[in-house]
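Biologist: Hi! Could you walk me through this protein? I'm new to reading structures.
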Amino acid sequence: MKKIAFAATLAVVFTANVQADTVGLYIGGQAWQSEASGTLGEKNSLINPNLKKEQQINYSIAFEHPIPLIPNTRIASTTLDTTGNKTLAQALTFGGESFSIGDDIKATFNVSYIDYTLYYELLDNDAFSFDLGLTARDFNGDVTVTGPTSNSDGTCNDPNPSPDSPCTEEGESTTPIGKIKADEIEPMLYVATNIGLPLASLSIFGQGDISIKGEHSLYDYQVGLNYDLVNSRVVDLNLTLGYRVVKMEFEDLNNLYTNLEFKGAFVGIVAHF
């Protein structure tokens, strides 16, 4: 909560005289084919889990107004869910569990984040627009490593096993599962621009967030083309096509270390009321 208050307070510094001419509501959705690469683990035990390419569905909503001093607001939700498999060539410790050389492990990356952004339109016309603000990125989710299941036939070398002994009369199967929560709020710088093209109804856009403090190194940017499908007095409907890259380098987030990059093409739609 302190970081959200910090981001909200600093955003007031970006006061500008240029604001939207009218009140506007923007609602958008995006289908993103993200391809993941990189490493994850604990500090001295990092692996490349061969994370799979997955389709992610992301959403956003923004509210703009013509009142000076008061920033515009934007909320965006991004999901990064993927899995990977690997045969360990080195011992691994993760989330309180130990995995041995030769174990076939499954890594599950299930992390999402919500961006709470306050921004100002420093320039806003048909040819060029430029937004600047601050984002509080609220991470939520977890990273899990699951090892192979081992079976016991119930035999025990200890003639007097304790109640906590893994040996049982009936036998049992065990599956080691290590999990680390990825909960954090990161302040980030937000920038966005749109450049009109000579071709009717077509423009180039760019948008990005980059971390500005803390131990983690994060960035998230996208570039693409925007096409006006519908332009009426009731609603404007835009089709977007582009490429997005998310870098997620965590340093000791609840003992989680990552150096991951998600990138790929997306298609989206934005409705402006």
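Biologist: Let's start with confidence: what is the mean pLDDT of the protein?
Modeller: This is a predicted model, and its mean pLDDT is 87. Of its residues, 85% reach 70 or more.
Biologist: Where does pLDDT stay under 50?
Modeller: That happens over residues 1-19. The model has 40 contacts beyond four places in sequence for that stretch. Where pLDDT is low, the predicted coordinates should not be read in detail.
Biologist: Good to know. What about Thr22, is that residue buried or exposed?
Modeller: Thr22 is exposed, because its relative accessible area is 55% and the cut-off for exposed is over 50%. You'll find Thr22 in the loop between helix 1 (2-11) and strand 1.
Biologist: And what is Thr22 in contact with, leaving aside its neighbours within four places in sequence?
Modeller: Glu64, His65 and Pro66. Also, the C-alpha atoms of Thr22 and Ile67 are separated by 9.3 Å, and these two residues are 45 apart along the chain.
Biologist: New topic! How many salt bridges does the count come to?
Modeller: Five. One of them joins the side chains of Asp209 and Arg137, at 3.8 Å from N to O. Asp209 lies in strand 13 (residues 202-211) and Arg137 in strand 8, so this pair ties together parts that are 72 residues apart in sequence.
Biologist: Why does Arg137 count as buried?
Modeller: Arg137 has a relative accessibility of 1%, and buried means under 20%, so Arg137 falls on the buried side. Asp209 is buried as well.
Biologist: Which residues are linked with Arg137 in a network of salt bridges?
Modeller: Asp115, Asp209, Asp220 and Arg244 are linked with Arg137 in that network. Asp220 and Arg244 meet in a salt bridge of 2.8 Å, N to O. That pair links distant parts of the chain, with Asp220 in strand 14 (residues 217-231) and Arg244 in strand 15, 24 residues apart. Asp220 and Arg244 are both buried. There's also a polar contact of 3.0 Å between the side chains of Arg137 and Asp220.
Biologist: Last one: how many residues does the largest nonpolar core have?
Modeller: It has 30 residues, and those with the most contacts inside it include Leu80, Phe94 and Leu256. Strand 7 gives the most to this core, with four residues.
Biologist: What does Leu256 touch, not counting residues up to four places away in sequence?
Modeller: Among its partners are Phe94, Val143, Ile180 and Phe250.

Definitions and conventions:
Residues are numbered from 1 along each chain as its sequence is written. This is a predicted model: local features need pLDDT of at least 70, side-chain atom pairs count only at pLDDT 80 or more; totals for chains, interfaces and linings use all residues. Side-chain values use heavy atoms; hydrogens and water are left out. Buried means under 20% relative accessible area, exposed over 50%, partly exposed in between (1.4 Å probe, protein chains only). A polar contact is a pair of N or O atoms within 3.5 Å; within protein, one must be able to donate a hydrogen and the other to accept it, and residues adjacent in sequence count only if both atoms are side-chain atoms. A nonpolar core is a set of buried Ala, Val, Leu, Ile, Met, Phe, Trp, Tyr and Cys residues joined through side-chain atoms within 4.5 Å. Helices (H or I, at least four residues) and strands (E, at least two) are DSSP runs, numbered from the N terminus. Contact means heavy atoms within 4.5 Å. pLDDT is the predictor's confidence in each residue, from 0 to 100. A salt bridge is a side-chain nitrogen of Lys or Arg within 4 Å of a carboxyl oxygen of Asp or Glu.
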